[in-house]
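Hi,

Here is the structure I promised to pass on. Have a look at it first, and my notes follow below.

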Amino acid sequence: MPISIHPTAIVDEGAKVGDNTTIWHWTHICSGAQIGVNCSFGQNVFIGNDVRVGNNVKVQNNVSIYDKVWLDDDVFCGPSMVFTNVVNPRAHISRKNEFKPTIVKKGATLGANCTIICGVVIGHYAFIAAGAVITKDVKSFALVTGVPGKQAGWISASGNILKLPLSGKAEEVCSESGKTYRLDGENVYEV
């Protein structure tokens with residue numbers, strides 16, 4: 001299916017945008033961006049040059065994705081969530097050569113108004129709650145809340161909270177998908 005671009009959106013020449021992607025009002029996609037298929041970008045979204053977006057990614061209104069942010073397949077970015085790209089910004093000092101990469105792995109959800117400090121890796125199917133501030137790496141299937149963000153539990157790929165302890169050995173079956181999740185030490189794996 002073709003790409004759908006609203007007349008107010010700007011897609012710079014050279015940007016690679018996959019089929020069946022929708023780009024809504026007042027969105028700007030820079031020339032070096034690489035975007036997969038079946039993506040959706042809401043109103044007032046900015047996508048920088050050195051940005052990689054996988055397939056089936058949903059970016060809600062008012063999100064800026066700056067250089068060095070890479071989103072894997074099936075990532076959800078909630079409304080007005082924030083990525084940073086410099087740890088110690090100052091208006092009078094240019095730090096464009098200090099941008100730190102941020103990687104969001106397959107299936108992760110970044111809730112409305114959360115902030116992702118640059119240089120972190122968000123694990124597969126992690127769930128960052130609305131308003132949380134992420135300052136360090138997040139494990140796969142982790143549910144993170146608060147300021148600063150702390151792990152509050154585990155969540156399945158379907159988005160259902162798992163009643164597993166934060167560490168130890170245990171298993172649980174997701175009530176929606178029927179898939180088994182195994183806690184081994186301090187990490188959860190889909191079996």
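Before the notes on the pocket, one term: a pocket here is an open set of grid points with protein on both sides within 12 Å along at least five of seven lines, and its lining residues have an atom within 4 Å of a point. Please also keep in mind that this is a predicted model.

So, what is in the largest pocket? It holds about 170 Å³ of space. Two strands, β21 and β22 (150-155), each supply at least two residues of the lining.

Next, the aromatic rings. A search of the whole structure turns up three aromatic pairs. In one of them, tyrosine 125 and phenylalanine 141 are stacked, at 5.8 Å centre to centre with 15° between the planes. Tyrosine 125 sits in the loop between β18 (121-122) and β19 (127-128), and phenylalanine 141 in the loop between β20 (133-134) and β21 (142-145), so this pair ties together parts that are 16 residues apart in sequence.

Phenylalanine 141 also pairs with tyrosine 181: the ring centres are 5.3 Å apart and the planes stand at 70°, so this pair is edge-to-face. Because phenylalanine 141 is in the loop between β20 and β21 while tyrosine 181 is in strand β25 (residues 180-185), the pair ties together parts that are 40 residues apart in sequence. Tyr125, Phe141 and Tyr181 form one aromatic cluster.

Phenylalanine 141 counts as buried at 7% relative accessibility, and tyrosine 181 counts as buried at 0%.

Now for the strands. There is an open sheet of six strands, in the order β3-β6-β9-β12-β15-β18, with parallel pairing. Which strands stand at the edges? They are β3 (16-17) and β18, and each has a single partner strand, so one side of each is left without a neighbour in the sheet. Lysine 16 stands opposite glutamine 34 in β6.

Threonine 109 is in strand β16 (residues 109-110) and is buried, with a relative accessible area of 17%. Not counting residues up to four places away in sequence, threonine 109 touches Phe76, Ala126, Phe127 and Ile128.

Asparagine 85 belongs to the loop between β14 (82-83) and β15 (102-104). With a relative accessible area of 16%, asparagine 85 is buried as well. Its contacts, leaving aside neighbours within four places in sequence, are Tyr66, Asp67, Glu98, Phe99, Lys100 and Cys118.

Cheers

Definitions and conventions. Residues numbered from 1 in each chain as written. Predicted model: local features only at pLDDT ≥ 70, side-chain atom pairs only at ≥ 80, totals over all residues. Heavy atoms only, no water. Helix = DSSP H or I, 4+ residues; strand = E, 2+ residues; numbered from the N terminus. Buried < 20%, exposed > 50% of the residue type's maximum accessible area, 1.4 Å probe, protein only. Contact = heavy atoms within 4.5 Å. Phe/Tyr/Trp six-rings, centres within 6.5 Å; stacked < 30°, edge-to-face > 60°. 1 Å grid on protein atoms, 1.4 Å probe; cavity = no way out; pocket = protein on both sides within 12 Å on 5 of 7 lines; lining within 4 Å. Points joined across faces, edges and corners; volume = space filled by probe spheres on them. Pairing = 2+ DSSP bridges.
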